[in-house]
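Work through the two exercises below. Try each task before you read its solution.

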Amino acid sequence: QAKRQGKNTWQWYDCQNAERSFNSVNLRHELHIALKESQFELYYQPLVDAVTGRICSVEALVRWRHPVRGLVSPGDFIPLAEQTGQIIPLGLWVLEQACIEIADLNTQRERALCVAVNISSLQFIRDGFLDDVRQVLAKTGLSPELLELEVTESVLLKGVGSVIDLMTTLKTLGVRVALDDFGTGFSSLSYLRDLPSHKVKLDRSFVEKIRTDRRIAAIVQSVITMAHQMGMVVVAEGIETQEQREDLARRHCDILQGYLFARPMPLAELKKLPDFLPGAQRY
Ligand code: C2E
Ligand code: MG
Ligand code: MG
Ligand code: MG
């Protein structure tokens, strides 16, 4: 009896676990199928000008339309895709798809939108990445000035020198680079001096605490001031409240992104958005 109960308990436990998370062997196989069968799609989240409230760009965020699990968030599969190397074909698909979709959307807009695409460090530092970018631009017809690549500070693990070279070449192509999740890695303000990036995205964890932690507020202020002195644009991500938004605008943060303005949405919804989000004007 006890044995049976034990066994049942274990099975129940295992079953629950399997429901919650992918088993990594299965996930690898399922990702392979997903790539072949185009189960991925892009959502887009607007970024607004902190002063005018106008949408200036959108960030492409990948979603997996899983046949059984429904919509799966990138946090649940990007890390494994990075481990298995599947991030390379997936990342290329995202880059190309984002350029195709936004180039097309722009044909119906008076003002062109920029699109920001997240690039895994592995993808960014890989030989051939520049060729991929060139080919995607040529193929999709998106103007290079409308493409922005978001990388995190972990690209620097490969050596600052090679990253500077790559960013410089991208810059000559007209493509901009943003430092994503700034402040979370082994980031140092000195990178702002060394890297030819165009934009810094302050991580959401700073925005979350900006109203409650004076030291965090001081760091945010220094990053904004210093980035501006380096000629860089500053974005704050994860704005959820009016207070956070006003605080960051007062500190001269240039661009804001977060649920307060809009959540990531499918392309069809993005197409219907007005230039100015309701309530996005300052005060
Ligand atoms: P990220 O690039 O820092 O993107 C911002 C994440 O914050 C997105 O989550 C977005 O939905 C979420 N977010 C935006 N505003 C708010 C807010 O106000 N509050 C809160 N709580 N969250 C907010 P998502 O879409 O789940 O993506 C998570 C991460 O997955 C991204 O972080 C990025 O690192 C990665 N990722 C997403 N798409 C791609 C991709 O195509 N390629 C690669 N390599 N990574 C991707
Ligand atoms: Mg990003
Ligand atoms: Mg980010
Ligand atoms: Mg982030």
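Contact means heavy atoms within 4.5 Å. This is a predicted model, in which local features need pLDDT of at least 70 and side-chain atom pairs count only at pLDDT 80 or more. Residues are numbered from 1 along each chain as its sequence is written, and side-chain values use heavy atoms, without hydrogens and water.

**Exercise 1.** Describe the surroundings of Gln45.

Step 1. Gln45 sits in strand β1 (residues 40–49); a strand is a DSSP run of E with at least two residues.

Step 2. Gln45 is buried, at 7% relative accessibility. Buried means under 20% relative accessible area, exposed over 50%, partly exposed in between (1.4 Å probe, protein chains only).

Step 3. List neighbours. Leaving out residues up to four places away in sequence, Gln45 touches several residues, including Ser57, Leu61, Tyr259 and Pro264.

Step 4. Find side-chain partners. The Gln45 side chain makes a polar contact with the side chain of Gln257 at 2.8 Å. The Gln45 side chain also reaches the backbone oxygen of Ala262, at 2.9 Å. A polar contact is a pair of N or O atoms within 3.5 Å; within protein, one must be able to donate a hydrogen and the other to accept it, and residues adjacent in sequence count only if both atoms are side-chain atoms.

**Exercise 2.** Which residues coordinate the magnesium ion (ligand 4)?

Step 1. Name the donors. They are Asp181 (OD) and Glu237 (OE), at 2.3 to 2.7 Å. Donors are N, O and S atoms within 2.8 Å of the metal (3.2 Å for Na, K and Ca); water is not among the atoms, so sites may look incomplete.

Step 2. Locate them. Asp181 lies in strand β6 (residues 176–182) and Glu237 in strand β8 (residues 233–237), so the pair ties together parts 56 residues apart in sequence.

Step 3. Asp181 is partly exposed at 24%, whereas Glu237 is buried at 12%.

Conventions
Chains are lettered from A and ligands numbered from 1 in the order in which they are written. Helices (H or I, at least four residues) and strands (E, at least two) are DSSP runs, numbered from the N terminus.
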